Protein chains: 2
Amino acid sequence: MNTGRHEFELIAWIRQQTRAHERIPLGIGDDTAALAFPNPANCLVTVDMLMEGVHFTMPPATPRQIGHKALAVNLSDIAAMAGRPLAAVISLALPRGIPAKFAEELYAGIGELADQFGVAIAGGDTNSWQGPLVISITALGETTDRGAVTRSGARPGDAIFVTGELGGSLAGKHLDFTPRINEALKLHETVDLHAMLDVSDGLAADLQHIVEESGVGVILDESAIPISPAAQTAAGQDDRSAWEHALSDGEDFELLFTVSEDDAVRLLANSPLEIPLSRIGTVVDGNEMQLRTAAGEVIPLPVSGWKHLL
Amino acid sequence: MNTGRHEFELIAWIRQQTRAHERIPLGIGDDTAALAFPNPANCLVTVDMLMEGVHFTMPPATPRQIGHKALAVNLSDIAAMAGRPLAAVISLALPRGIPAKFAEELYAGIGELADQFGVAIAGGDTNSWQGPLVISITALGETTDRGAVTRSGARPGDAIFVTGELGGSLAGKHLDFTPRINEALKLHETVDLHAMLDVSDGLAADLQHIVEESGVGVILDESAIPISPAAQTAAGQDDRSAWEHALSDGEDFELLFTVSEDDAVRLLANSPLEIPLSRIGTVVDGNEMQLRTAAGEVIPLPVSGWKHLL
């Protein structure tokens, strides 16, 4: 509905780009797509919507980066469950009059990442309007034989880990990050992941999700938080330290997870990952978020001070 | 990400509204939802995005009607495949500063229809911004044992049917229509549906989809098109006849399908539906769309004349 000639052409173009896929008995061109799921009991589904002026601005973001990000944030959610992505559908509100090349670049950004992780683009809804660009992607996936890793399985005594380096993502990483699908699958094979999520709201805010869902407390080690070069740069541009950026900046899209002390020792001795892996704290009884300072003192994690910045 | 206090409260409210469901081992509150599909080989997926000022205006549309429509257009697509809806996820861009009551009403409109058809709301992404309201719903479903009905199965000699009455939907029906899920399932049980879709772009435009996907021609019977009272009213307000409205107005969300001549006779003798069912034409060889006039003359269907109105 509300489909003008430009959209008809674009839909035809998308259809042409969408290759046949063994998991898609029926792809673009009918009222719905039909998917063949390998395992019926383990269908993961997640949706994320990106809006111009909120999740990106143009420039600096290119249409290819926006397409990449729109799928990547969804794949990051599937990674957070230690799942495998299978398929995605895309809905799009394009600013009227935008060049056809723009939409093609957007889809190319989606397509490259989809190919990299074997994700079948199963369908979509392409519209145009007078408003800003909006793109919503729903990704479908499956769990491995080891099941999904939720936010609710952290236990007192667990070690808390994070992949990569944190902070300053808005300077660029948020547009071109690689979702940690492969890392999550490797970790899931190697150790017993008790709780996991992807860092999207910021380390402190996301850790709070684990605290609430698992009914536990946490103590973060101040000196163990891996601070990214981008966080250092950001600190030079405002009144917050690089550490504060690492703790509270959003959109890192790294994995935050907890494992037993035994598994922690194994991971530190022999990490299965090619990216940094840092032990940043400990799960404890209670429901508090605390910080072990570099001097060894345990104080309340001053989250509320940063909450307004999220 | 980009979640302020208002959105946190809303998400908590939504979570409260979302009851446990046997098909959702993991619902709202983790990085993805997990679904248990009864039949993995037959997962239907469809997405539709509604934008303020394009698919609705407020007023006259109420938030409850917008929620209803956002899910109903997706269920209509699943009906078009003769499938059963199972679950849906929702992404939302709310105008900043809109009252919490508005979002609650929107979700109530979704929830009522979801309950009516046993659809589990599995998750979502709620955002706010300076732009107009955008809502995108992805619906998941399954086919019955008889499989999915596509647009590509029409055969020369088939009779063409449509449910309900056509035209003038924008006067109100587009906001409160009932998706033809139950009717499609009953038809699928009763006859061998060769091709089917839901009338969303308008009868002529949607029939064109069957023509193209099935590689056939069609002859519509001018006097057999079921004209709605709303099309009559619309005809009194512009320079198009009620018949033209019935042929070209969008958003009817009725079922358009083809069956063999034998099945057509059975349907006309003993319809399984409680809503009108009209035989409106015949599938023929070729690739043309033609019209049998009330006088019995066969002429090209003058689709192009209305195309700019779609």
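This is a predicted model: local features need pLDDT of at least 70, side-chain atom pairs count only at pLDDT 80 or more; totals for chains, interfaces and linings use all residues.
Residues are numbered from 1 along each chain as its sequence is written, chains are lettered from A and ligands numbered from 1 in the order in which they are written, and side-chain values use heavy atoms, with hydrogens and water left out.

Ser200(A) sits in the loop between strand 7 (195-198) and helix 6 (203-214) of chain A. Helices here are DSSP runs of H or I with at least four residues, strands are runs of E with at least two, and both are numbered from the N terminus. The loop between strand 7 and helix 6 of chain A also holds Asp201(A), which is buried, with a relative accessible area of 16%.

Both residues carry an annotation from a record. In an unreviewed entry, UniProt places the feature "binding site" at Tyr107(A), Gly124(A), Asp125(A), Arg151(A) and Ser200(A). UniProt lists Asp201(A) for "binding site" too, again from an unreviewed entry. UniProt positions are given in the numbering used here, feature names are shortened, and annotations may be inferred rather than shown by experiment. Of these positions, Arg151(A) can be found in the loop between strand 5 (134-143) and strand 6 (159-163) of chain A, and at 12% relative accessibility Arg151(A) counts as buried.

Now step back to chain A as a whole. It contains ten helices and twelve strands, and 59% of its 310 residues count as buried. Take the contacts in chain A between residues at least 6 apart in sequence: 83% of them join residues at least 24 apart. Contact means heavy atoms within 4.5 Å.

Next comes a pair of helices. Two packed helices are described by the angle between their axes and the distance between the axes. In chain A, the axes of helix 2 (residues 63-80) and helix 3 (residues 100-116) come within 6 Å and cross at roughly 40 degrees. Axes are lines fitted to C-alpha atoms, for helices over the stretch in contact, and angles run from 0 to 180 degrees between N-to-C directions. The angle makes helix 2 of chain A oblique to helix 3 of chain A, because angles under 35 degrees count as roughly parallel, over 145 as roughly antiparallel, 65 to 115 as roughly perpendicular and the rest as oblique. On the helix 2 side of chain A, the contact includes Pro63(A), Ile66(A), Leu71(A) and Leu75(A), and on the helix 3 side it includes Phe102(A), Leu106(A), Ile110(A) and Leu113(A).

Chain B has a helix 2 (residues 63-80) and a helix 3 (residues 100-116) that pack at an angle of about 40 degrees, with their axes 6 Å apart. Helix 2 of chain B and helix 3 of chain B are therefore oblique to each other.

Finally, look at Ala234(A), in helix 7 (residues 229-235) of chain A. At 14% relative accessibility, Ala234(A) counts as buried. Ala234(A) and Ala246(A) are twelve residues apart in sequence and 10.0 Å apart in space, C-alpha to C-alpha.

Technical notes
Buried means under 20% relative accessible area, exposed over 50%, partly exposed in between (1.4 Å probe, protein chains only).
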